[in-house]
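Hi there,

Here is the structure I promised to pass on. My notes follow below it.

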Amino acid sequence: MGTDVERKLIQKVRKGNQKAFKKLYDLYSGYALRTAFAIAKSEADAADIVQETFIRVYRSFDSYDETKPFKPWFYRILMNETNRLLKKRSDPRSVIIDVEKDEALHPVSSVQGEYEDLQEALDQLDHHHKTVLVLKYLHGFSEKEIAAILDENQNTIKSRLFKGRKKLKQVLGAIEHE
């Protein structure tokens with residue numbers, strides 16, 4: 001979605017236009033739901049996270065700086081809501097990809113085992129590494145955008161991506177030798 005179109009929608013939303021907010025919701029809700037599900041591993045939790053995210057987005061439009069891209073600002077709110085929910089849990093570990101439920105993947109049965117291995121490996125990573133891997137490889141955000149979304153230093157994000165990939169490779173290697 002182009003930034004000019006986003007700006008026009010946001011300006012309409014700020015003026016109370018509910019149809020514009022619905023368009024914004026339609027544009028971002030699918031991606032938001034998949035991201036929340038990938039991290040929280042629960043459809044119900046993901047739906048709650050997305051609902052709360054859009055409530056906060058609507059209430060926070062006054063703090064949004066229209067000179068900056070909307071998508072990273074939106075995902076920062078989404079990540080904050082996801083983290084808030086995970087902190088409530090006794091075990092914050094979760095899976096990034098659930099093969100049967102992630103409609104973006106639809107793996108064929110011959111590679112089902114590979115995706116299951118990946119899912120198992122991702123389940124063994126800590127929340128910080130899984131989150132940056134989801135944002136980078138599922139949503140294509142740059143390190144700079146991820147840093148803005150998570151309110152972290154860009155070098156911290158680079159380090160987490162490096163360590164996350166390294167850990168993922170080690171875990172996948174161990175799974176292959178089982």
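Helices (H or I, at least four residues) and strands (E, at least two) are DSSP runs, numbered from the N terminus. With that in hand, the elements of the chain read α-α-α-α-α-α-α-α from the N terminus on, that is, eight helices and zero strands.

Before the details, some ground rules: this is a predicted model, where local features need pLDDT of at least 70 and side-chain atom pairs count only at pLDDT 80 or more, while totals for chains, interfaces and linings use all residues. Residues are numbered from 1 along each chain as its sequence is written, and side-chain values use heavy atoms, with hydrogens and water left out.

Of the 178 residues in the chain, 40% are buried (under 20% relative accessible area, with a 1.4 Å probe and protein chains only). Taking contacts (heavy atoms within 4.5 Å) between residues at least 6 apart in sequence, 68% join residues at least 24 apart.

Tyr28 is buried, and other buried residues of α2 include Leu24, Ser29 and Ala32.

As for the ends of α2, a side-chain oxygen of Asn17 comes within 2.9 Å of the backbone nitrogen of Lys19 at the start. Just after the helix, Lys41 has a positive phi of about 60°.

Best wishes

Definitions and conventions:
Buried means under 20% relative accessible area, exposed over 50%, partly exposed in between (1.4 Å probe, protein chains only). A polar contact is a pair of N or O atoms within 3.5 Å; within protein, one must be able to donate a hydrogen and the other to accept it, and residues adjacent in sequence count only if both atoms are side-chain atoms.
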